[in-house]
Amino acid sequence: MDTKEIAARFEETVRFYLNELDGLTTEQLLRKPNEEDWSIGQMYAHLIQSAMRMHLGNVRRCLHPEGEDGV
């Protein structure tokens with residue numbers, strides 16, 4: 001897969017998750033099946049935080065392996 005195809009698939013995935021969110025109420029986002037399981041809202045927050053903290057940091061390191069990204 002080339003970079004453009006990867007970016008297109010990523011954008012498709014983001015659109016899917018955003019479209020799914022549009023159909024949910026706040027109550028649905030916060031509802032937990034039981035105390036041990038996450039709500040849909042918690043799952044979305046986890047995905048966003050993981051992307052911001054871990055995945056995008058790894059992308060920066062790959063693009064600037066010698067630490068020259070200014071961050």
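In the predicted model, the protein chain has a radius of gyration of 16 Å, whereas a compact globule of 71 residues would have a value near 11 Å. The C-alpha trace of the chain spans about 45 × 25 × 20 Å along its principal axes.

The secondary structure consists of three helices, with zero strands, and the order along the sequence is α-α-α. Helix H1 covers residues 3-22 and helix H3 covers residues 40-63, while helix H2 covers residues 26-30.

The largest pocket holds about 490 Å³ of space. Its lining is made up of 15 residues, among which Phe10, Val14, Leu47, Ile48 and Ala51 lie nearest the centre of the pocket. Two elements, helix H1 and helix H3, each give two or more residues to this lining. The greatest contribution comes from H3, which supplies nine residues.

Tyr17 is located in helix H1. The relative accessible area of Tyr17 is 33%, so this residue is classed as partly exposed, a class that lies between the limits of under 20% for buried and over 50% for exposed. The C-alpha atom of Tyr17 is separated from that of Pro33 by 20 Å, and the two residues are 16 positions apart along the chain.

In helix H3, the residue considered is Asn58. Asn58 also counts as partly exposed, because its relative accessibility is 34%. Between Asn58 and Glu35 the C-alpha to C-alpha distance is 33 Å, for a separation of 23 residues in sequence.

The loop between helix H2 and H3 contains Glu36. Here the relative accessibility reaches 67%, and Glu36 therefore counts as exposed, the threshold for that class being over 50%. Glu36 lies twelve residues from Ile48 in sequence, and their C-alpha atoms are 21 Å apart in space. Ile48 is itself one of the residues nearest the centre of the largest pocket.

Conventions
Residues numbered from 1 in each chain as written. Predicted model: local features only at pLDDT ≥ 70, side-chain atom pairs only at ≥ 80, totals over all residues. Heavy atoms only, no water. Helix = DSSP H or I, 4+ residues; strand = E, 2+ residues; numbered from the N terminus. Rg over C-alpha atoms; globule rule 2.2 N^0.38 Å. 1 Å grid on protein atoms, 1.4 Å probe; cavity = no way out; pocket = protein on both sides within 12 Å on 5 of 7 lines; lining within 4 Å. Points joined across faces, edges and corners; volume = space filled by probe spheres on them. Buried < 20%, exposed > 50% of the residue type's maximum accessible area, 1.4 Å probe, protein only.
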